Amino acid sequence: MPERIKKEDVARRLATRMDTDEATATAWVDGVIETLYEAFKAGESVTLPGFGGFFVRPEPKSWVFKFNPGQRLRALFGWSSTYTGER
């Protein structure tokens, strides 16, 4: 099984990509995670173009949580996709 990266690794990679320090990148990661959490808690679904959609639906005794991967992820994993690459 491939290695699983931790939040610190994500923040480090983001810092490199955004040409910033790790503390700033960690604050952005935390902010995104909290924003998503708050949206789900409010019963809202979230769509991130190029990544996918997260859908929540309250049920009588529980919640339904689903992820619908975007075309770019589908292509990456060989799932049915119309993604043809960046233009």
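By class, how many nonpolar, polar and charged residues does the lining of the second largest pocket have? The lining has five nonpolar, no polar and one charged residues; Ala, Val, Leu, Ile, Met, Phe, Trp, Tyr, Cys and Pro count as nonpolar, Asp, Glu, Lys and Arg as charged, and the others, Gly among them, as polar.

This is a predicted model, in which local features need pLDDT of at least 70 and side-chain atom pairs pLDDT 80 or more, while totals for chains, interfaces and linings use all residues. Residues are numbered from 1 along each chain as its sequence is written, and side-chain values use heavy atoms, without hydrogens and water.

| Pocket | Volume | Lining residues |
|---|---|---|
| Largest | about 180 Å³ | Glu3, Arg4 and Ile5 |

A pocket is an open set of points on a 1 Å grid over the protein atoms alone, where a 1.4 Å probe fits, with protein on both sides within 12 Å along at least five of seven lines; lining residues have an atom within 4 Å of a point. Grid points are joined across faces, edges and corners, and the volume is the space filled by probe spheres set on them.

Helix 1 (7–18) and helix 2 (22–41) each give at least two residues to the lining of the second largest pocket. Helices (H or I) are DSSP runs of at least four residues, numbered from the N terminus.

The loop between helix 1 and helix 2 holds Asp19. Asp19 is not a glycine, yet has a positive phi of about 55 degrees. Most residues other than glycine have a negative phi. Asp19 counts as exposed because its relative accessibility is 71%, the cut-off being over 50% relative accessible area with a 1.4 Å probe and protein chains only.

Technical notes:
Buried means under 20% relative accessible area, exposed over 50%, partly exposed in between (1.4 Å probe, protein chains only).
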